[in-house]
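Me: I'd like to learn how to read a few features of a protein model. Could you walk me through them one at a time?

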Amino acid sequence: MKKIVIDGGKFAYFVSGENPKLLIHSGTHGDEFEVTDFVMECLYKYEAELPSFIFVPEVSPTAVDQKTRINNMGHDMNRMFFSDSKDPEVQANIEVIKDQKFDLFVSFHEDPELNDYYIYDVGYRKDRHELALAHNEILKKNGVTLLTGIDDIEDTSLGFEFVDGYNKMIFPGNEKDDGTISAWVLNRRISPEYLLPEIPGRADKKTKSLIVHSFFNDVILKIFS
Ligand SMILES: [Zn+2]
């Protein structure tokens with residue numbers, strides 16, 4: 001994969017192959033930075049087997065610098081992602097993806113409050129994602145606890161219920177953008193499907209690594225095999 005730097009050196013991403021089919025994000029929230037190294041490790045390890053992809057390791061470089069959820073303009077990148085944003089980080093991300101047609105968009109996050117793992121599955125497909133469910137079962141057998149319950153009762157834009165670490169949301173389509181990156185991407189059919197693995201922030205590095213490696217092995221590689 002090759003590194004591409006834009007916005008006067010302030011924004012970087014990686015590309016592998018032509019006509020990328022897979023979009024991967026990490027570093028959307030700057031206090032969720034540990035997962036990025038494991039994603040990078042997997043991209044190098046599995047590059048030959050993966051489809052062509054774009055990887056943005058720091059969706060918000062200034063938030064990652066500050067190790068805070070919000071960036072240097074006070075924006076939560078996953079609540080303020082609008083086409084007319086004056087935030088250069090939003091515009092850099094739009095520039096990278098606006099003319100692409102991916103089959104899958106994966107955004108790695110960490111939930112700083114939790115020990116339990118969970119995945120948001122959002123998109124136009126109607127069926128439950130069997131590969132994601134199987135991945136959760138594999139992790140459970142390896143001692144990872146899965147969230148059953150509500151994701152975040154304090155955040156009014158959340159409040160989704162999870163069973164065995166999984167929540168399925170069929171995207172209505174043609175909605176107004178709501179400030180989430182997923183809505184921006186799904187509304188434009190830049191990708192029809194979005195998976196958000198929410199790695200438990202309180203887990204040790206070994207557990208985080210196990211989850212990310214399994215996500216590549218048991219979900220991404222199987223989707224594209
Ligand atoms: Zn996050």
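This is a predicted model: local features need pLDDT of at least 70, side-chain atom pairs count only at pLDDT 80 or more; totals for chains, interfaces and linings use all residues.

Me: Helix packing, then. At what angle do α1 and α6 pack, and how far apart are their axes?

Reply: You read a helix pair from its angle and its axis distance. Here helix α1 (residues 34-46) packs on helix α6 (residues 205-223) at about 40 degrees, and the axes are 9 Å apart. That angle makes α1 oblique to α6. As for handedness, α1 passes α6 in a right-handed crossing.

Me: Which residues make the contact?

Reply: From α1 you get Glu34, Val35, Phe38, Val39, Glu41, Cys42, Leu43, Lys45 and Tyr46. From α6 come Lys205, Lys208, Ser209, Val212, His213, Phe216, Asn217 and Leu221. Sorted by type, the contact of α1 with α6 has 9 nonpolar, 3 polar and 5 charged residues.

Me: Next, backbone angles. What should I look for in phi?

Reply: Start from the background: most residues other than glycine have a negative phi. Then pick out the exceptions. Asn19 is one of them, with phi near 45 degrees, a positive value in a residue other than glycine. Asp164 also has a positive phi, about 50 degrees, although it is not a glycine.

Me: Where do Asn19 and Asp164 sit?

Reply: Asn19 is in the loop between β2 (11-16) and β3 (22-25). Its relative accessible area is 61%, so Asn19 is exposed. Asp164 belongs to the loop between β9 (161-162) and β10 (166-170). With a relative accessible area of 34%, Asp164 is partly exposed.

Me: And aromatic rings? How many aromatic pairs does the structure hold?

Reply: The structure holds 11 aromatic pairs. Take Tyr118 and Phe162: the ring centres are 4.7 Å apart and the planes are at 65 degrees, so this pair is edge-to-face. The pair links distant parts of the chain, with Tyr118 in strand β7 (residues 118-123) and Phe162 in strand β9, 44 residues apart. Tyr118 and Phe162 are buried.

Me: What does Phe162 form with Tyr120?

Reply: An aromatic pair that is edge-to-face, 5.0 Å centre to centre with 85 degrees between the planes. Tyr120 lies in β7 and Phe162 in β9, so the pair ties together parts 42 residues apart in sequence. Both Tyr120 and Phe162 are buried. Elsewhere on your aromatic tour, Tyr46, Phe108, Phe215 and Phe216 form one aromatic cluster.

Me: Last topic. Is His129 buried or exposed?

Reply: For burial, you check relative accessibility, and then ask what surrounds the residue. His129 has 4% relative accessibility, so it counts as buried. His129 lies in the loop between β7 and α4 (130-141). Leaving out residues up to four places away in sequence, His129 touches Asp121, Tyr166, Leu195, Val219 and Ile223. From His129 to Leu195 is 66 residues in sequence and 9.8 Å in space, C-alpha to C-alpha.

Me: How many residues of helix α3 are buried, and which ones?

Reply: Helix α3 (residues 88-97) is mostly covered, with 7 of its 10 residues buried. The buried residues are Glu89, Val90, Ala92, Asn93, Ile94, Val96 and Ile97. These buried residues of α3 pack against β1 (2-6), β2, β3, β4 (53-56), α2 (61-66) and α5 (181-187).

How values were computed:
Residues are numbered from 1 along each chain as its sequence is written. Side-chain values use heavy atoms; hydrogens and water are left out. Axes are lines fitted to C-alpha atoms, for helices over the stretch in contact, and angles run from 0 to 180 degrees between N-to-C directions. Helices (H or I, at least four residues) and strands (E, at least two) are DSSP runs, numbered from the N terminus. Angles under 35 degrees count as roughly parallel, over 145 as roughly antiparallel, 65 to 115 as roughly perpendicular and the rest as oblique. A crossing is left-handed if the near helix is turned anticlockwise from the far one by less than a right angle, and right-handed if clockwise. Contact means heavy atoms within 4.5 Å. Ala, Val, Leu, Ile, Met, Phe, Trp, Tyr, Cys and Pro count as nonpolar, Asp, Glu, Lys and Arg as charged, and the others, Gly among them, as polar. Buried means under 20% relative accessible area, exposed over 50%, partly exposed in between (1.4 Å probe, protein chains only). Rings of Phe, Tyr and Trp (its six-membered ring) pair if their centres lie within 6.5 Å; planes under 30 degrees apart count as stacked, over 60 as edge-to-face and the rest as tilted.
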